Amino acid sequence: MAGRNKITDATAALFTDSVDRIPETFIRTDEVQAAGAVVGEDETFELPVVDMASLLDPKLSASETAKLGSACREWGFFQLTNHGVDEEAMQQIKDSVVEFFRSPLEAKNAVAVRGDAGIQGFGHQFSPASSDKLDWAECLLLFTQPVQDRNMDLWPATSPPTFRHALERYSVEIGDLTRRLLGFMAADLGVSPAALLGAFFVGDGAAKGQSVSMHHYPACGRRHRDKVVGIPPHTDTLGLTLLLQADDTPGLQVRRAGRWFPVRPLPGALVVNVGDVMEVLSNGAYGSALHRVVPHAERGRTTVAMFHDAYVDGVVAPLPELLRGGEATARYRAVGKVEYDAGSAETLAAGGRFLDSLKTM
Ligand SMILES: O=C(O)CCC(=O)C(=O)O
Ligand SMILES: [Fe+2]
């Protein structure tokens, strides 16, 4: 199984002070080199930008929905502007998460990953069982919805005192935004909003599953820039991801046509990406894109990635509406949600992608 390692005193010291030599476990020069070319600073390109205000404007909605659709089909990634998330809620979660990561290790380890709490808690992200390498990053992972799945023992209570309230509020805001966004994705896919929304939310409006990974990528110094990895290349295994970047420090890169495209954070925007389950639901119309994080030499970077899970009647499968009549055949075999989660965890540990085993063509 993929494990999550605790952050040790030695690692915390490494993340705080610039040092000449870093331990072997963080040195991954081969991986960095093998990962391929990054699109240069001087090259002009623009990750798709989708504007929620335009989606909601009756005059502009049709063309903006087409833009949203093409972003999900061509990139699996876009920046979302004018998303309508309450500004105070955004500021509170940013401040709380930044403050959490600034706390002393002892305070952070009060909510550390531990044997009886599964994947939740503070530590490194996932490390494949086969690897002794560690990411240049620390991560607090928590389940946020349904509310009864919360493990409050792992929600920081005092470091900082604003944390719990900020996360609760942000969880509701992102749930609402996801719901709005899915309505437009349904229109683009040509399915009823109820069908797509029903995969993500239960009747009373609660999310079937919402979780959050809060990340901090410490500055790695010029010397170590080409050796360390923030998060290795992966796709997100759930339905949809909404990413908040606490500031404009770059680091996220998206794979397209054999190269890495750096995301240049737009002020106030959220980054949205299609996960593996959404690729399956859309019967392959939308693509879940490979992405990774590269630490910055001089600046630390803090992000909040919120994930929404999705399934229909306990099964991960293409939406039935997309297969009805016509020529469409299922490009993915249906798999029980329990089997999907177990399979994802197992292939993640082996460094593979469970989604590939579901493809029928
Ligand atoms: O921090 C980021 O920019 C991306 C995080 C991410 O890819 C993830 O949590 O799956
Ligand atoms: Fe991701």
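Which strands each supply at least two residues of the shell around ligand 1? Here are my notes, starting from that one.

1. **Ground rules.** This is a predicted model, where local features need pLDDT of at least 70 and side-chain atom pairs count only at pLDDT 80 or more, while totals for chains, interfaces and linings use all residues. Residues are numbered from 1 along each chain as its sequence is written, chains are lettered from A and ligands numbered from 1 in the order in which they are written, and side-chain values use heavy atoms, with hydrogens and water left out.

2. **The shell around ligand 1.** The strands asked about above are β7 (210–217), β8 (231–234), β13 (291–293) and β14 (301–308). Helices (H or I, at least four residues) and strands (E, at least two) are DSSP runs, numbered from the N terminus. The largest share, 4 residues, comes from β14. Of the 13 residues around the ligand, H215, Y217, H291, R301 and T303 come nearest; a residue is near a molecule or strand if one of its heavy atoms lies within 4 Å of it. Sorted by class, the shell has 7 nonpolar, 4 polar and 2 charged residues. For this sorting, Ala, Val, Leu, Ile, Met, Phe, Trp, Tyr, Cys and Pro count as nonpolar, Asp, Glu, Lys and Arg as charged, and the others, Gly among them, as polar.

3. **Polar side chains at ligand 1.** Have a look at the oxygen atoms of the ligand. A polar side-chain atom of Y217 lies 2.6 Å from one oxygen atom of ligand 1, R301 has a polar side-chain atom 2.9 Å from an oxygen atom of ligand 1, and for H291 the distance is 3.1 Å. The protein covers 96% of the 300 Å² of accessible area that ligand 1 has on its own. Accessible areas come from the Shrake-Rupley method with a 1.4 Å probe; for residues, only the protein chains shown count as cover.

4. **The iron ion.** What are the protein donors of the iron ion (ligand 2)? They are H234 (NE2), D236 (OD) and H291 (NE2), lying 2.1 to 2.2 Å from the ion. Along the chain, these donors follow the spacing H-x1-D-x54-H. H234 in strand β8 and H291 in strand β13 are 57 residues apart, a pair that links distant parts of the chain. Donors are N, O and S atoms within 2.8 Å of the metal (3.2 Å for Na, K and Ca); water is not among the atoms, so sites may look incomplete.

5. **H291 and burial.** Is H291 buried or exposed? H291 counts as buried because its relative accessible area is 5%. Buried means under 20% relative accessible area, exposed over 50%, partly exposed in between (1.4 Å probe, protein chains only).

6. **R28, in a loop but buried.** R28 sits in the loop between α1 (9–16) and α2 (29–34), and its relative accessible area of 7% makes it buried. Its side chain makes a polar contact of 2.7 Å with that of D135. A polar contact is a pair of N or O atoms within 3.5 Å; within protein, one must be able to donate a hydrogen and the other to accept it, and residues adjacent in sequence count only if both atoms are side-chain atoms. Leaving aside neighbours within four places in sequence, R28 is in contact (heavy atoms within 4.5 Å) with residues including K133, K227 and P232.

7. **T178, in a helix.** T178 belongs to helix α7 (residues 163–189). With a relative accessible area of 0%, T178 is buried. The T178 side chain reaches the backbone oxygen of I174 at 2.8 Å. Beyond its neighbours within four places in sequence, T178 contacts F201, L240, L242 and H308.

8. **Backbone points to check.** P146 is found in the loop between β6 (138–145) and α7, and P160 lies in the loop between β6 and α7. N82 is not a glycine, yet has a positive phi of about 45°; N82 is exposed at 52% relative accessibility. D313, also not a glycine, has a positive phi of about 50° and counts as exposed at 76% relative accessibility.
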